[in-house]
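Please have the sequence and the structure open as you read.

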Amino acid sequence: MVSGGVEFEPGVIALRDRLYLNDGFGSFENASLEMLPDLRNSGSQAAAADFDRDGDVDVFVGSRLVVGSYPAGPQSTLLLNEGGKFIDGTEKIAAGLQDSGMVTAAAWSDANDDGWLDLLVTYDWGPVRLFLNENGQLRDVSDAAGLAERLGWHNSLATGDIDHDGDMDFVVGNFGLNTKYYASTEKPELLFYGDFENNGQMQIVEAKYENGVCLPRRGLGCTSNAMPSIREKLPTYHEFAISPLMDIYTPDGLDAAQRFEANSLYSGVWINQGNKDGVPQFEFHKLPRVVQASPVFGVALVDVDGDNHLDLYMVQNFHGPQRETGNMDGGVSMLLRGDGTGNFMPVWPDASGLVIDGDAMGLTVTDIDGDRRPDFAVTLNNEKPAVFRNEMNGSFTRFRLSPNEGNPSTAGCQLTFTMSDASKLVREIPAGGSYLSQSSHDVFVAGDVDSVTVRWPDGSESTHESLQPVDSVVILSQEM
């Protein structure tokens, strides 16, 4: 369990991550402190999978921020499972991952379909990064994959074969367009972090472009409260508002500061176009305009209506901006039906029944009532969770994997269903992704299935033709 927050002093024991061991009967107990390194970062997500195929579960732990020093870069960690004890293998296995930015979400997924799990990571003030798994070594191929240039305030992602071509695409949640911020390549939103008064105190400066001139984003009042010398230099609101950023803070001060940029706030879909020299090539598609009405946090790709096309559910809103900006709460969550080609059509809340007007964060998919349909559970800040039962007409079979004893995780397993009409359907077991939440590993498929081929974490495959449910679930076991 990742520990995080901004309420503590840096390095306090409350920020230490924790490991709880399941006794096999649904109860958990604290593991020995020696099983985890003594890491005390303010974390955001743990994504667990056997990425190195050694028969045990490893964990990527993403760090959100440095307490008291936003947006300074925190350190994320790749924990290797060595006989039940986790060690920090980041520098050895994944050069560049440790200091890659402020992580908001992460997911293990086989992006280039080579049987090795790759790592997708979303960032605040950054791109979506892809760390390609090359026989157990992770290499940042974000630029070669077409991901690196689109910088945003990303919150979450969900992977799946959206367009039925057999490879993994993904959806990413961003902040949308219904705020005072609107980022583009020509007019990016900027953030500078530095000691602008030469007093040893690090400060944040937000900036924007208007008519080719870089100007302060925030007003004189709040800026001078943080840096009183600004009012001495520019005493009136008019003088401050018309002054370019370099005249307020000096070119030397800005050059010495850390610079962050966002050039796209769209929530959207990254479609996998296939490999080039072993690296998947992704193409970005904006989601419909109504989705951009509010920041997107929890996301899920799942077929909800029984047509075997992946649909998309996203929960929204953000009640945490500074007071002068106000709540970003133009959404009530949104269900979008997929057409199997990569496009999504909004389903209005009065038809879907999915209405959440609060500060929604986490989203998980599971069969809550045992009717073999995927249901939703949503967490909200300062409110009780919301649970939605699926009452659509779709009829599903629920599949669950049972791996061998050496590796209890099914994260990242890929299932290829051969349907009665000879068509193929590819599903991948999720391993991370949604904001501060993760879904069950059950897979929901509609229609008559003739056989299922499973690619297991160790790279082996097994085909299953006798698909008899037990307590409404078809269990597929790995062959020893």
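## Salt bridges

R139 and E134 join their side chains in a salt bridge, 2.7 Å from N to O; the term stands for a side-chain nitrogen of Lys or Arg within 4 Å of a carboxyl oxygen of Asp or Glu. R139 is partly exposed, with a relative accessible area of 39%, and E134 is partly exposed too, at 34%. Here buried means under 20% relative accessible area, exposed over 50%, and partly exposed in between, using a 1.4 Å probe and protein chains only. This is a predicted model, in which local features need pLDDT of at least 70 and side-chain atom pairs count only at pLDDT 80 or more, while totals for chains, interfaces and linings use all residues. Residues are numbered from 1 along each chain as its sequence is written, and side-chain values use heavy atoms, with hydrogens and water left out.

Across the whole structure, the search finds 19 salt bridges. In one of them, D140 meets R129 with the closest N and O atoms 3.3 Å apart. D140 belongs to strand β10 (residues 137-140) and R129 to strand β9 (residues 128-134), so this pair ties together parts that are eleven residues apart in sequence. Strands (E, at least two residues) and helices (H or I, at least four) are DSSP runs, numbered from the N terminus. Another salt bridge brings together E324 and R218, at 3.2 Å from N to O. E324 lies in the loop between β21 and β22, and R218 in the loop between β16 (213-216) and α2 (220-226), so the contact ties together parts that are 106 residues apart in sequence. There is also a network of salt bridges that links D367, R398, R400 and D442.

## Aromatic rings

Rings of Phe, Tyr and Trp (its six-membered ring) pair if their centres lie within 6.5 Å; planes under 30 degrees apart count as stacked, over 60 as edge-to-face and the rest as tilted. The count comes to 15 aromatic pairs. For F297 and F318, the ring centres are 5.9 Å apart and the planes stand at 40°, so the pair is tilted. F297 sits in strand β20 (residues 296-302), whereas F318 sits in the loop between β21 (311-316) and β22 (334-338), so parts 21 residues apart in sequence are tied together. F297 is buried, at 2% relative accessible area, while F318 is partly exposed at 23%.

## Open sheets

β20 is also part of an open sheet of four strands, in the order β20-β21-β22-β23 with antiparallel pairing; two strands pair if DSSP finds at least two bridges between them. β20 and β23 (344-347) are the edge strands, each with a single partner, so one side of each has no neighbour in the sheet. Inside this sheet, three bridges join β21 to β22, and Y313 has L335 in β22 as its bridge partner.

Another open sheet has three strands in antiparallel pairing, ordered β24-β25-β26. Its edge strands are β24 (360-366) and β26 (386-388). Five bridges connect β24 with β25 (residues 375-380), and T366 stands opposite D375 in β25.

## A strand covered on both faces

In a regular strand, side chains alternate between the two faces of the sheet. Strand β30 (residues 443-446) has V443 and V445 on one side and F444 and A446 on the other, all buried. Strand β27 (residues 396-402) pairs with β30 in the antiparallel sense over four bridges, and the bridge partner of F399 in β30 is V443.
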